[in-house]
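Hello,

Here is the structure I promised to pass on to you.

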Amino acid sequence: MTPLTGPGLALPDGFLMGASTSAHQTEGNNLSSDWWAVENRPDSFVAERSGDAADSFHRWPEDMDLLSELGFNAYRFSIEWARIEPERGRVSRAALAHYRAMVHGALERGLTPVVTLHHFTSPRWFSELGGWASPESAGLFEAYARTAAEVLGGVRHVATINEPNMIAVMHTLLRNVPRRAGDEGVAAVDPALIEPDADVTQALIRAHRAACAVLKAADPTLQVGWTVANQVYQAEPGAEAVAASHARSREDVFLEAARGDDWIGVQAYTRHRIGPEGPLPVPDGAPTTLTGWEIYPEALEEAVRHTATVVGPRVPLLVTENGIATDDDALRIRHTAQALAGLASAMRDGVDVRGYLHWSALDNYEWGSYRPTFGLIAVDPDTFARTPKESARWLGSLARSGRIPGGRPAVPVTSPAAG
Ligand code: BGC
């Protein structure tokens, strides 16, 4: 079933079609990580703990079996620094063997692994030193990347750091969050209003460059990049300068830092409208997702076009995240079809996109709650049984066919008539 009728696009040879996850959100019991510490503080602002997550630490072979049986040819997952280096300078050989087995497992199943070294979580000891604000952060990450290179045999695409722009915002946010139980915590603070920490931004860029260098030195065939949260800032009339300055520190500086990279990851979910006074709320009555974001599938096309403009034609793009938190799987299909049609239009215009990795392969831990379900595959929280949704079969069949849909829906994807 493809809910759009326009001409589709034949994907170029080697195009990656798959899905993404991150370690902390799926593995479970990531005991040495800073997020685990935050979740499990008695006064935590986090509503729900990650706990066993989807138990993918043990069940990754089943996850990969499903993805390859569904027809996908790629899987993006992350490896966990806190497991590999649970204490400063002490490397767990068992953790390295675990991730090496995952890389081999993906390759054996015909899934091209796209491996992220850092997806939001750090070892507890790293955070206790000040995290990315520590003067040692770039050097410590570089040392971790050198160690991580040991598991990357057979991998082509490595992402150093996931959404560094969100990390810089979170750094400011977490310092301003009320810590007492009963306060509203993170939910009380609107991230759109938060200025990313400038020192952390620079530290992340230094860490990325240092990691790129050691990874390429370890294996010159590795294609190294990072993945940026594309916010799709849209200026209201008269707010062009405000929007440009808002986008600069929150996004463009991180895209510019990728100009010398082998690829860049585009992650897009929604748009953010900027008025003369700054970010505007989602308009009253606009349909929203389970995360409260405006449903706006056009975000993907706008994000890839913006990214390509900023990084320039030399750096190819991979869509490393795009999806929707919904319990209406038919909406997920319509939303994704429209997002892919936008991607097809950008590719037809010459934007060099080499892959599309949907967020997420599994329903997983959405940083404080299991309620927003982004997955193509449902996970039973008690038995961990995996059940592919219709959207998984639909997207997998597109992967098999080597085509993505084109055109525009006759009615908005959120309209009941669109079903
Ligand atoms: C992150 C994921 C997250 C997703 C949906 C991205 O910001 O990389 O970890 O689950 O968006 O919120």
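The second largest cavity is lined by Y269, T270, T289, T291, W293, E294, G323, I324, A325, H335 and F374. A cavity here is a set of points on a 1 Å grid over the protein atoms alone where a 1.4 Å probe fits but cannot get out, and lining residues have an atom within 4 Å of a point. The volume of this second largest cavity is about 40 Å³, where volume means the space filled by probe spheres set on the points, with grid points joined across faces, edges and corners. Its lining divides into five nonpolar, five polar and one charged residue. For these classes, Ala, Val, Leu, Ile, Met, Phe, Trp, Tyr, Cys and Pro count as nonpolar, Asp, Glu, Lys and Arg as charged, and the others, Gly among them, as polar.

Before I go on, please keep in mind that this is a predicted model, in which local features need pLDDT of at least 70 and side-chain atom pairs count only at pLDDT 80 or more, while totals for chains, interfaces and linings use all residues. Residues are numbered from 1 along each chain as its sequence is written, and side-chain values use heavy atoms, with hydrogens and water left out.

In total there are two cavities of 30 Å³ or more. The largest cavity holds about 70 Å³ of space. Its lining has 13 residues, and T21, T26, E27, S56 and M102 are the closest to its centre. By class, six of the lining residues are nonpolar, five polar and two charged. Helix 1 (23-26), helix 3 (56-70) and strand 3 (74-78) each supply at least two residues of this lining, and helix 3 gives the most, with four. Helices (H or I, at least four residues) and strands (E, at least two) are DSSP runs, numbered from the N terminus.

Helix 10 is worth a look too. This helix covers residues 240-256 and spans only 20 Å between its end C-alpha atoms, whereas a straight helix of 17 residues would span 24 Å at 1.5 Å a residue; the expected span is 1.5 Å times one less than the number of residues. Helix 10 bends by about 60° at R248, the bend being the angle between axes fitted to the seven residues ending there and the seven starting there. Among its buried residues are A243, H246, A247 and R250. Buried means under 20% relative accessible area, exposed over 50% and partly exposed in between (1.4 Å probe, protein chains only).

Now to the charged pairs. The structure holds 22 salt bridges, each a side-chain nitrogen of Lys or Arg within 4 Å of a carboxyl oxygen of Asp or Glu. One of them joins E150 and R93 (2.7 Å, N to O). This pair links distant parts of the chain, 57 residues apart, with E150 in the loop between helix 7 (137-148) and strand 5 (157-162) and R93 in helix 5 (residues 93-108). E150 is partly exposed at 38%, and R93 is exposed at 52%. R93, R100 and E150 are linked in a network of salt bridges.

R305 has a salt bridge with E301 (3.0 Å, N to O) and one with D349 (2.8 Å, N to O). D349 lies in the loop between helix 12 (329-348) and strand 12 (353-359) and R305 in helix 11, so the pair ties together parts that are 44 residues apart in sequence. E301, by contrast, lies with R305 in helix 11 (residues 299-311), four residues apart, about one turn of the helix.

Best wishes

How values were computed. 1 Å grid on protein atoms, 1.4 Å probe; cavity = no way out; pocket = protein on both sides within 12 Å on 5 of 7 lines; lining within 4 Å.
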